[in-house]
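Hi everyone, thanks for making time this morning. Let me put the structure up, and then I'll walk you through a few parts of it.

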Amino acid sequence: MAKVQEITVWASGVVQDKEARDVAQCLAAAAAKEGKFVQAFDNYVDLPDRVNVPVRKYARISDSEIEEKYVYENHNPEIVILVEPTLVKGVNVLRGMEGDGCLIVNTGRSPEEILKFIPDKKPLKKIACVDAMKICPKAVIDFSGSEGAVEAAGVGVGIGAVLAGAAAKVSGCVAIDSLMSEVGNPEAAKRGFDEVTIKEL
Amino acid sequence: MKSHEVKIAKEKLLPEAGIVKAPSPNGEQETMITGCWRVLRPVIDREKCTMCRSCWIFCPDQAIEIAEEKMAVKLKYCKGCGICAEVCPVGAIERVPELDFEDGVVRLEKLF
């Protein structure tokens, strides 16, 4: 079985729940468009209906069929995206990363400032910062409780599109053209792709 | 005591759920450390603080304590909800982005 590329998106519960789900869904949908095998899902353990609780959203991209259908967690993420930058202080977000990993943070701060809070930089290959709230000052808050089954607001219309675009540039997991055709706000995805600050380690 | 009165033990008069038999031994919930939820940290200005204890009363997580004769925040459990800053009558509590501080790193290995 070919290696499955695992993507984990961290966010604050309720207020960033939808945007984080959009990042995972857009990346998976764009990869599916390129003919890859994908999965995208939420983590049910994280009590997602509490405001500000750290929540995780997952995506998996693979060239061959993904066999782990009933594994509900990405144990060895290769790409970690933080919708809420403060989580670098609260949780070991790089847990399980095996090497050559990417960390994409939604912040206006520099990558060096974020690196201060990461004690074990060994598995990390690239760290990138993008100020998604400045590029697209709209974070969709979804109170429908449908957990993605009904997307009335549209998928990828807010900061999620910017972060997905940044992830496409940093990790190269999907091409920007296929991503732009999948998100609701292609300009925001392109700007995230162009304006992300990358630091190689 | 009159003969027709029934003797009932004192604790039986209270509903079972209302009785706290003993305080929690350590007063902390180690399995639910909520400091990692915080985005904005409440910072108490010790000069302005008048020790009215409004923040201590209103804090839903009992994350405010009295340390060195002034109010202080237990950063391990403060979720950063900002209620203390709202209720402070003298405006002594300011909310500062958590990433401005190098301390207060919780870093849980596993969330739950």
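This is a predicted model: local features need pLDDT of at least 70, side-chain atom pairs count only at pLDDT 80 or more; totals for chains, interfaces and linings use all residues.

Let me start with a question: in which hand, left or right, does α5(A) cross α7(A)? The crossing in which α5(A) passes α7(A) is right-handed.

Residues are numbered from 1 along each chain as its sequence is written, and chains are lettered from A and ligands numbered from 1 in the order in which they are written.

Now, the overall view. Chain A has 7 helices and 7 strands, where helices (H or I, at least four residues) and strands (E, at least two) are DSSP runs numbered from the N terminus. From the N terminus on, their order is β-α-β-β-β-α-β-α-β-α-α-α-α-β. A compact globule of 201 residues would have a radius of gyration near 17 Å, and the 15 Å of chain A agrees with that; the radius is taken over C-alpha atoms, and the globule rule is 2.2 Å times the number of residues to the power 0.38. The C-alpha trace of chain A spans about 40 × 40 × 35 Å along its principal axes. Of its 201 residues, 51% count as buried, that is, with 20 or more other C-beta atoms within 10 Å of their own, C-beta atoms being placed from the backbone (12 or fewer is exposed, in between is partly exposed).

Back to our helix pair. Helix α5 (residues 159-171) and helix α7 (residues 186-195) of chain A pack at about 45°, their axes 7 Å apart. Axes here are lines fitted to C-alpha atoms, for helices over the stretch in contact, with angles from 0 to 180 degrees between N-to-C directions. That angle makes α5(A) oblique to α7(A); under 35 degrees would be roughly parallel, over 145 roughly antiparallel, and 65 to 115 roughly perpendicular. On the α7(A) side, the contact is made by A188(A), A189(A), K190(A), R191(A), G192(A) and F193(A), with contact meaning C-beta atoms, placed from the backbone, within 7 Å. Those six names come up again in the list of buried residues of α7(A). The buried residues of α7(A) pack against β6 (124-130), α4 (132-135), α5 and α6 (176-180) of chain A.

One residue to look at is K190(A), in helix α7 of chain A. Is K190(A) buried or exposed? K190(A) counts as buried because it has 20 C-beta neighbours inside 10 Å. Leaving out residues up to four places away in sequence, K190(A) touches G165(A), I176(A) and M180(A).

Helix α5(A) has another partner. The axes of helix α1 (residues 17-33) of chain A and α5(A) come within 8 Å, crossing at roughly 45°. The crossing of α1(A) and α5(A) is right-handed. From α1(A), E19(A), D22(A), V23(A), C26(A) and L27(A) take part, meeting residues of α5(A) including I159(A) and A167(A).

Last, the partner chain. How many residues of chain A are in contact with chain B? There are 18, and they contact 16 residues of chain B. Helix α2 (residues 87-90) of chain A gives the largest share of the chain A side, 3 residues.

Thanks, and I'm happy to take questions!

How values were computed: Two residues are in contact if their C-beta atoms, placed from the backbone, lie within 7 Å. A crossing is left-handed if the near helix is turned anticlockwise from the far one by less than a right angle, and right-handed if clockwise.
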